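Reader: I have a model open and a few questions about it. Can we go through it piece by piece?
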Amino acid sequence: SINTARAYIGSAGLKTALLVFGGSEPAFSNKTESYNGSTWTEVNDLNTSRSAMASGGTSTAAFGAGGRNSTTDSTNVSEEWNGTSWSEGNDLNLERYSLALGGGSQTAGLALGGNKRFSPAPSPSYTNDAEEYNGASWTEVTNMPTGLEGQGINGTQTAAAVFGGYSGSLVTTGILYDGTNWTSAPSLPTGASTFSSSGTQTEGILFGLAAPGVVTNTLSFDGTSFTEL
């Protein structure tokens, strides 16, 4: 187990070289932990405590951008991890949280969708905003077809697969991104959001789907169809 229990964490890396950071415990966290395939070690903290951010990269070159940093506010802050510590990078253009998790690398990252909603009002504001990161700055690119939060994402900045999400109700939507345009992809078997995903645009796995409620469902995707595992 990780050292500090929390939800909505950022992550980057592989099974034997993994980084997790931020989250809510329920306070908003800046804790960062690394995993070597056997044990978790606490390392240097994020500069800004937050949860539900965009994240990606490797255990020695990760990024975290946006997220929710209080019960009444979200952030556009972007940070880079160099294997030892976090440093401030250029901010996202649009402040938001509950973005698609895990797309791209530190020098070719993605920040997709999200929300700026707090309880009580204002009412939900789901966005279709898409931004790309080149290791120095975030640039607005072609928007997703629909405003969503909590989507799953597999792949890279130029070959991404995005599935599910929430926009007042759970959706089954599947879309593909080629670095310029969005096209339709096969839909999930059931509406789902806020789940874990890993892999590429044509060889991915989705697991722990909230559909509705937290469930153990695991799906594989081969670029054409889903298979229950």
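Predicted model: local features only at pLDDT ≥ 70, side-chain atom pairs only at ≥ 80, totals over all residues.

Reader: What volume does the largest pocket have?

Author: About 1500 Å³. A pocket is an open set of points on a 1 Å grid over the protein atoms alone, where a 1.4 Å probe fits, with protein on both sides within 12 Å along at least five of seven lines. The volume is the space filled by probe spheres set on the points, which are joined across faces, edges and corners.

Reader: How does the lining divide into nonpolar, polar and charged?

Author: There are 21 nonpolar, 24 polar and 5 charged residues. Ala, Val, Leu, Ile, Met, Phe, Trp, Tyr, Cys and Pro count as nonpolar, Asp, Glu, Lys and Arg as charged, and the others, Gly among them, as polar.

Reader: Switching to the sheet. What is the order of the open sheet of 4 strands?

Author: E19-E20-E21-E22, with antiparallel pairing. Strands are DSSP runs of at least two residues, numbered from the N terminus, and two of them pair if DSSP finds at least two bridges between them.

Reader: Why is one side of E19 and of E22 left without a neighbour?

Author: E19 and E22 (226-228) stand at the edges of the sheet with a single partner strand each, so one side of each has no neighbour there.

Reader: How many bridges join E20 to E21?

Author: 4, between residues 204-207 of E20 and residues 218-221 of E21. Isoleucine 205 stands opposite serine 220 in E21.

Reader: Next, glycine 23. Buried or exposed?

Author: Glycine 23 is buried, at 0% relative accessibility; the cut-off for buried is under 20% relative accessible area (1.4 Å probe, protein chains only). Glycine 23 sits in the loop between E2 and E3 (32-35).

Reader: And which residues is threonine 4 in contact with?

Author: Beyond its neighbours within four places in sequence, threonine 4 is in contact (heavy atoms within 4.5 Å) with Glu25, Lys31, Glu33 and Glu42. Threonine 4 lies in the segment before E1 and counts as buried at 12% relative accessibility.

Key:
Residues numbered from 1 in each chain as written. Heavy atoms only, no water. 1 Å grid on protein atoms, 1.4 Å probe; cavity = no way out; pocket = protein on both sides within 12 Å on 5 of 7 lines; lining within 4 Å. Buried < 20%, exposed > 50% of the residue type's maximum accessible area, 1.4 Å probe, protein only.
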